[in-house]
Amino acid sequence: MREKIFKKPPVLLRVGKNKTDYIPAEAVCPADIVFFGRSGATIKIGDCLLSPVSGDIAVISRKTEYSADVSGLPVGGAIFVTIDGAEIYGDYLFTGESGFRLVASGVYRGILEASFRQLWREQDDEYPETDVVSDNLLNVILALTARLMPFEIRPRKSGEVFRRAKEYFDENFLSDETLLDACKRLNLDRYYLTHVFRKQTGMPPKKYLIEKRLEYAEQLLRMTDDDIIVIARRCGYADPAYFCRLFKQTRGKTALEYRANYKKKKAEEEKQKK
């Protein structure tokens with residue numbers, strides 16, 4: 001990388017096969033970095049239960065309450081590395097504002113897995129210069145993990161992230177792309193974007209997109225006499241039955257009732273004008 005990421009060199013606190021509750025009292029920005037060599041583990045963060053697959057890397061702030069169940073994995077199926085000094089330039093944590101990241105190691109799978117495993121072996125203190133080797137291995141792990149989260153290298157203010165994402169969603173809310181596809185286009189982490197949207201609007205991006213579509217449906221119901229099937233498809237719903245259920249669930253009335261009420265109200269207003 002051409003630029004520094006961390007404000008100070010992170011300190012290796014621990015390497016192990018499980019999460020530990022022990023963190024030195026002087027630790028300021030502790031974080032866990034977990035490499036999952038096998039599928040089958042679970043991570044619980046609040047009410048969110050995640051199932052990492054083989055090759056995934058989790059980066060979690062130790063200020064975030066979480067639990068990890070790796071009981072179903074063989075020894076070394078998940079390797080936990082705890083560091084201190086996770087603060088990066090821009091006054092952000094390596095873990096981001098949400099305190100959690102889960103990414104696939106992708107093309108770096110081989111070198112990352114080898115680095116995690118060798119870092120684990122180095123803790124036996126049976127090798128010469130183990131501290132030097134451990135520091136270098138940790139730097140490789142951190143640098144490659146940062147590459148997998150490119151937005152963290154040049155941290156953005158949450159307000160700017162929200163503005164860019166909202167602008168994109170407002171223009172493309174009828175697109176059939178998934179939220180993950182949108183995040184890839186915006187070069188944003190899905191968990192971080194969800195955190196920012198909840199903070200700014202009180203709802204996650206998916207709910208925001210649904211609301212945009214239903215607002216458009218209301219407009220079509222008011223301004224056209226199109227059939228409900230046509231309106232559903234114009235709003236991005238191939239299944240009109242699902243559209244009708246969603247509309248009633250969020251609006252408290254069916255689409256036809258909404259149209260009828262609007263026409264009745266409009267007719268009364270016209271009558272009063274005369």
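Quick word on what we're looking at. This is a predicted model, where local features need pLDDT of at least 70, side-chain atom pairs count only at pLDDT 80 or more, and totals for chains, interfaces and linings use all residues. Residues are numbered from 1 along each chain as its sequence is written, and side-chain values use heavy atoms, leaving out hydrogens and water.

Okay, back to helix 9. Its buried residues (under 20% relative accessible area, 1.4 Å probe, protein chains only) are Ala255, Tyr258 and Arg259. They cover an arc of only 95° around the axis, going by the directions from the axis to the C-beta atoms, so they sit on the same side of helix 9. What do they pack against? Helix 6 (205–223), helix 7 (228–234) and helix 8 (240–251), with contact meaning heavy atoms within 4.5 Å.

Now the whole protein. We've got 9 helices and 10 strands; these are DSSP runs, H or I of at least four residues for helices and E of at least two for strands, numbered from the N terminus. Of the 274 residues, 42% count as buried. The C-alpha atoms fill a box of roughly 95 × 40 × 35 Å along the principal axes.

Definitions and conventions: Buried means under 20% relative accessible area, exposed over 50%, partly exposed in between (1.4 Å probe, protein chains only).
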